[in-house]
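This report walks a new reader through one protein model, beginning with the sheet and ending with the spaces inside. Please keep the sequence and the structure in view while reading.

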Amino acid sequence: MTPFKVLVSCVLLAALAACADEADPRLDATDDVEQCRKQLARIYDGLLEYEKREHHPPPGSGAAFLGALLDSGVWPRTEATARALSCPGVDPAKLCADSNSAKAFTPPRGACTAYAARDQSRAPLAQFPTSGTEALVACDNELGPNHARHTNVLCADGSIVTLDLEKLKADGVLPPTADRVPIGPDAPAELLGGALRALTRD
C-alpha cells in the first residue's frame, strides 16, 4: 500500500470513530460553538430525564424529537427553555415566522430549530442511552451552516463531537466545494460511520 493510501485509510478510520471519541480537540472554534456544546449537553440531560419518566426516547422526529422535552413537562414551556432547543449560533428570528421560540414549539412544528435531530421514523433508536456511534442532534438548519466552519454532533452516549469543515475538506472526507457538513440521508457513509444519516431537520 502506498503512503498516500495509508494516509487516506487513517483519515477515514478517524472519521468513522469520531462519534465515540470524547477527546475531540477544540481547534479555533468561536464562542458560539462552545456555547452550542454546552447547550447540547443540557439537551442530553433532558433526554435522560425523559427516558427516566417515559421509559423510551421521544418518538417524534427532528423538531418533534426535541420538542418532546417541552410537551412532556421535562422542561417548562418558556422562552428560555425553547431557545435551548435551537443552536445559539443562529438567530431564531431568522428561522421562525414567529420569533417567539416557545410558541414555535407548538404543533404544527416547522423548521424553527437550528438543530437537526433523530429521525425516529426512518432510523429509530432501539434503546437509549446507547453507544457513541449513534447521533442524536447536530447543528443544521435550512438557511445555511450554524457556525463559521464547525458542526457539533451530540451522540447517544452523551459525547459531543465538533467537526471542522475545512479539516474534513483538507483530509478528503468532503469535496473541496463543500460549504457545510451534510446532515441527513445524503451524509457520506465515511463521516462518523454514517451516523449523521439518522438525523433530520423536518
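Two strands are said to pair if DSSP finds at least two bridges between them, and the strands themselves (E, at least two residues), like the helices (H or I, at least four residues), are DSSP runs numbered from the N terminus. The model is predicted, so local features need pLDDT of at least 70 and side-chain atom pairs count only at pLDDT 80 or more, while totals for chains, interfaces and linings use all residues. Residues are numbered from 1 along each chain as its sequence is written, and side-chain values use heavy atoms, with hydrogens and water left out.

## Overall layout

The protein has seven helices and five strands, and from the N terminus on these elements follow the order α-α-α-α-α-α-β-β-β-β-α-β. Of its 202 residues, 49% are buried, where buried means under 20% relative accessible area, exposed means over 50%, and partly exposed lies in between (1.4 Å probe, protein chains only).

## The sheet

The five strands make an open sheet in the order β4-β3-β2-β1-β5, with antiparallel pairing. Its edge strands are β4 and β5 (199–200), each of which pairs on one side only.

The pairs of neighbouring strands can be followed one by one. Three bridges join β1 to β2 in antiparallel fashion, and here Ala116 stands opposite Ala138 of β2. Three bridges also join β2 to β3, again antiparallel, with Val153 of β3 as the bridge partner of Ala138. Between β3 (residues 150–155) and β4 there are five bridges, and these two strands run antiparallel as well. Within this pair, His150 stands opposite Asp164, and Thr151 has Leu163 as its bridge partner. β3 and β4 form a hairpin with four residues between them, and Gly158 in the turn has a positive phi of about 95 degrees.

Which way do the side chains of β3 point? His150, Asn152 and Leu154 point one way and Thr151, Val153 and Cys155 the other, and all are buried.

## The nonpolar core

A nonpolar core is a set of buried Ala, Val, Leu, Ile, Met, Phe, Trp, Tyr and Cys residues joined through side-chain atoms within 4.5 Å. The largest such core has 32 residues, and those with the most contacts inside it are Ile43, Tyr115, Leu136 and Val137. At least two residues of this core come from each of α2 (31–54), α3 (63–71), β1 (115–118) and β2 (135–139). The element that gives the most to the core is α2, with six residues.

## Cysteines

A disulfide is a covalent bond between the sulfur atoms of two cysteines. It is counted here as a pair of cysteine sulfur atoms within 2.5 Å, and by this rule there are zero disulfides.

## Cavities

On a 1 Å grid over the protein atoms alone, a cavity is a set of points where a 1.4 Å probe fits but cannot get out, and lining residues have an atom within 4 Å of a point. Grid points are joined across faces, edges and corners, and a volume is the space filled by probe spheres set on the points. Two cavities of 30 Å³ or more are counted. For the lining classes, Ala, Val, Leu, Ile, Met, Phe, Trp, Tyr, Cys and Pro count as nonpolar, Asp, Glu, Lys and Arg as charged, and the others, Gly among them, as polar.

| Cavity | Volume | Lining by class |
|---|---|---|
| Largest cavity | about 50 Å³ | three nonpolar, four polar and two charged residues |
| Second largest cavity | about 40 Å³ | four nonpolar, three polar and three charged residues |

The lining of the largest cavity includes Cys139, Asp140, Asn146 and His150. Among the residues that line the second largest cavity are Ala148, Arg149, His150, Leu165 and Asp179.

Notes: 1 Å grid on protein atoms, 1.4 Å probe; cavity = no way out; pocket = protein on both sides within 12 Å on 5 of 7 lines; lining within 4 Å.
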